[in-house]
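Hi,

Here is the structure I promised to pass on. Have a look at it first, and then read on for what turned up.

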Amino acid sequence: MIAVRAAIEMIGVPYSWGGGGVNGPGFGIGKGAGTWGFDCSGLAEYAWAQAGVNVGTTTREQWRSGIRIPREQAEPGDLVFYDNDSHSPGPEHVGIVVDATRMVHAPYSGQSVRVDPLARRTFLGVVRPSSAGLNGHALNSAATDDGGAPGSAAPNGHAAQAFLQ
């Protein structure tokens with residue numbers, strides 16, 4: 001799955017609040033202004049853009065970018081959301097499902113893109129982004145022959161290959 005491979009290839013890229021997007025890592029805003037990297041929604045936007053799908057730039061846009069899926073039916077590439085702030089309804093964090101128990105995400109300032117367990121108390125739901133407009137094979141086609149995601153900077157070599165085998 002292209003979106004998962006693209007996200008995994010970004011493992012090790014620093015968290016940057018407001019950073020990243022369809023073209024990859026970038027300088028964030030506010031407290032992320034001096035850091036080149038991704039925030040959680042920037043990573044999700046980048047990963048899905050590699051598969052030809054626009055999921056939006058914020059967790060709230062991404063929460064509305066597809067159909068809701070029961071947690072037990074989550075598949076690689078689905079977006080998993082967490083509501084970390086009980087005073088503000090809606091998701092504040094998003095990750096990309098790797099398998100039944102893990103996600104890849106940009107967790108918070110001072111950390112880097114990494115793989116962590118899906119299970120956490122602030123779980124909100126799972127969304128399967130709409131594949132409308134795909135060329136019919138983008139979601140299931142293999143990444144480039146060298147194991148990197150198409151167009152990715154691949155800072156971590158063949159990380160995607162190791163996680164997806």
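The buried residues of α2 are C40, S41, G42, L43, A44, E45, Y46, A47, W48 and Q50, where buried means under 20% relative accessible area, exposed means over 50%, and partly exposed is anything in between (1.4 Å probe, protein chains only). That makes 10 of the 11 residues of α2 (residues 40–50), so this helix is largely enclosed by the rest of the structure. Just after α2, G52 has a positive phi of about 85 degrees.

Before the rest, some housekeeping. This is a predicted model, in which local features need pLDDT of at least 70 and side-chain atom pairs count only at pLDDT 80 or more, while totals for chains, interfaces and linings use all residues. Residues are numbered from 1 along each chain as its sequence is written, and side-chain values use heavy atoms, with hydrogens and water left out.

As for confidence, pLDDT is the predictor's own score for each residue, from 0 to 100. The mean for the protein is 84, and 79% of the residues reach 70 or more. Do keep an eye on residues 132–163, where the pLDDT is below 50; that stretch has 56 contacts in the model beyond near neighbours in sequence.

The overall layout: there are four helices and eight strands, and along the sequence they run α-β-β-α-α-β-β-β-β-β-β-α. Of the 165 residues in the protein, 48% are buried. Among contacts with a separation of 6 or more, 56% are between residues 24 or more positions apart.

Now the aromatics. Rings of Phe, Tyr and Trp (its six-membered ring) pair if their centres lie within 6.5 Å; planes under 30 degrees apart are stacked, over 60 edge-to-face, and the rest tilted. By this rule there are four aromatic pairs. One of them is W63 with F81: the ring centres are 5.1 Å apart and the planes are at 75 degrees, so the pair is edge-to-face. This pair links distant parts of the chain, as W63 is in helix α3 (residues 59–63) and F81 is in strand β4 (residues 79–82), 18 residues apart. W63 is buried at 15% relative accessible area, and F81 is buried at 0%.

Y82 and F123 also make an edge-to-face pair, at 6.2 Å centre to centre and 75 degrees between the planes. Y82 lies in strand β4 and F123 in strand β8 (residues 123–129), so this pair ties together parts 41 residues apart in sequence. Y82 is buried at 0% relative accessibility, whereas F123 is partly exposed at 23%.

The charged end of R71 sits over F123, 4.0 Å from the ring centre, and R120 lies over the face of Y82 at 5.2 Å.

What do the strands do around there? β4 and β8 pair in the antiparallel sense over four bridges, pairing being called when DSSP finds at least two bridges between two strands. Y82 stands opposite F123 in β8. Strand β3 (residues 66–69) also pairs with β8 in the antiparallel sense over four bridges, with R68 opposite V127.

Two more residues to look up. H93, in strand β5 (residues 93–97), is buried at 6% relative accessible area. The side chains of H93 and H105 are joined by a polar contact of 2.7 Å; such a contact is a pair of N or O atoms within 3.5 Å, where within protein one must be able to donate a hydrogen and the other to accept it, and residues adjacent in sequence count only if both atoms are side-chain atoms. Beyond its neighbours within four places in sequence, H93 has contacts that include C40, F81 and Y82.

V113 is in the loop between β6 and β7 (114–117) and is buried at 2% relative accessibility. V113 and G12 are 101 residues apart in sequence, yet 5.3 Å apart in space, C-alpha to C-alpha.

Cheers

Note on methods:
Helix = DSSP H or I, 4+ residues; strand = E, 2+ residues; numbered from the N terminus. Lys NZ or Arg CZ within 6 Å of the ring centre and 35° of its normal. Contact = heavy atoms within 4.5 Å.
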